[in-house]
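This briefing goes with the sequence and model shown here. Please read it with both in view.

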Amino acid sequence: MNYTQLITDSQEHSKGKVCSKCKEHKLLSEFSKRRRSKDGLSFSCKSCSKEYRDSQCRFNRWYVTKRKDGKRAGWEWDIEPEDIPVVRIRETITEARNRKYYSWEAVEYPKVCPILGLELDWGMNGLNNNSPSLDRIDPTKGYIPGNVMMMSQLANKMKSNATTEQLNQFSRYHLFGNNNEKDITEVKVA
Ligand SMILES: [Zn+2]
């Protein structure tokens, strides 16, 4: 262990700065990294940043990430948030330093998977069965108006991994055991 380095490190660690939000003096370790800043750290402390993130519209955060991923994957992206069924947004224009800033938040967005009835988790805590997923109804086409629908990650996986006939067979098996004779459309499901 390099002793001089250790001293320098501990001196650096005991340094801090004032958070632009809560105005408290906090240790540098209380700030996340931000490459574009002069000091390489975020202006506001971690807890203020988290509070800000939590106050943001979850659908907006999800949508912006989804659009970036979709475009990066090479898909045509020609939709606006309101092209997704159920979604309604509110737009806001604020002025600061002689510049206009446009932002939006969703006032209505799907909370439940329309296929499986699972409550959708909009918290962006990784990818789970109940994570929201934007399905391309016709998988050969991109994200274009009329071809998108929200569902759970699980429903989307089932849909994309199996053919319609396989999903039918699966449902028949589930309802009648191994008797694949009956057509699922003959049966009323309670
Ligand atoms: Zn703070």
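The points below run from the whole chain to single residues.

This is a predicted model, in which local features need pLDDT of at least 70, side-chain atom pairs count only at pLDDT 80 or more, and totals for chains, interfaces and linings use all residues. Residues are numbered from 1 along each chain as its sequence is written. The protein has five helices and six strands, where helices (H or I, at least four residues) and strands (E, at least two) are DSSP runs numbered from the N terminus.

**Confidence**

- The mean pLDDT of the protein is 88, and 92% of the residues score at least 70; pLDDT is the predictor's confidence in each residue, from 0 to 100.
- Confidence is lowest in helix α1 (residues 3-14), with a mean of 75, and highest in β6, at 96.
- Where pLDDT is low, the predicted coordinates should not be read in detail.

**Overall form**

- The order of elements along the sequence is α-β-β-α-α-β-β-β-β-α-α.
- The protein is more spread out than a compact globule, because its radius of gyration is 24 Å, well over the 16 Å that the globule rule gives for 190 residues.
- That radius is taken over C-alpha atoms, and the globule rule is 2.2 Å times the number of residues to the power 0.38.
- Along the principal axes, the C-alpha atoms fill a box of roughly 80 × 50 × 35 Å.
- Of the 190 residues, 10% are buried. A residue is buried if 20 or more other C-beta atoms lie within 10 Å of its own, exposed if 12 or fewer, and partly exposed in between, with C-beta atoms placed from the backbone.
- Among contacts with a separation of 6 or more, 35% join residues 24 or more positions apart; two residues are in contact if their C-beta atoms, placed from the backbone, lie within 7 Å.

- Strand β3 (residues 88-96) pairs with β4 in the antiparallel sense over nine bridges; strands pair if DSSP finds at least two bridges between them.
- Within this pairing, Thr92 stands opposite Ser103 in β4.
- Two residues separate β3 from β4 in the hairpin, and Arg97 is in the turn.
- Arg97 has a positive phi near 45 degrees and is a residue other than glycine.
- Arg97 is exposed, with 5 other C-beta atoms within 10 Å.
- Strand β4 (residues 99-108) lies largely in the open, because one of its ten residues is buried.

- Helix α3 (residues 58-72) has 15 residues and reaches 21 Å from its first C-alpha to its last, close to the 21 Å expected at 1.5 Å a residue. The expected span is 1.5 Å times one less than the number of residues.
- The buried residues of α3 are Phe59, Trp62 and Tyr63. They lie on the same side of α3, because they cover an arc of only 100 degrees around the axis; the arc is that of the directions from the helix axis to the C-beta atoms.
- These buried residues pack against β4 and β5 (132-136).
- Val64, Thr65, Lys68, Asp69 and Arg72 are exposed on the other side of α3.
- Gly74, with a positive phi near 90 degrees, follows α3.
- Helix α5 (residues 164-176) has 13 residues and reaches 18 Å from its first C-alpha to its last, close to the 18 Å expected at 1.5 Å a residue.
- Gly177 follows α5 and has a positive phi, near 70 degrees.

**Loop residues**

- Tyr143 is in the loop between β5 and β6 (148-152), and is partly exposed, with 19 other C-beta atoms within 10 Å.
- Leaving aside neighbours within four places in sequence, the contacts of Tyr143 are Gly70, Trp75, Glu76, Trp77, Asp78, Ile79, Arg136 and Val148.
- The C-alpha atoms of Tyr143 and Ile79 are 6.3 Å apart, although the two residues are 64 residues apart in sequence.
- Ser37 lies in the loop between β2 (25-27) and α2 (46-55), and is exposed, with 11 other C-beta atoms within 10 Å.
- Ser42 and Phe43 are the contacts of Ser37, leaving aside neighbours within four places in sequence.
- Lys23 lies in the loop between β1 (16-18) and β2, and has a positive phi of about 65 degrees although it is not a glycine.
- Lys23 counts as exposed, with 8 C-beta neighbours inside 10 Å.
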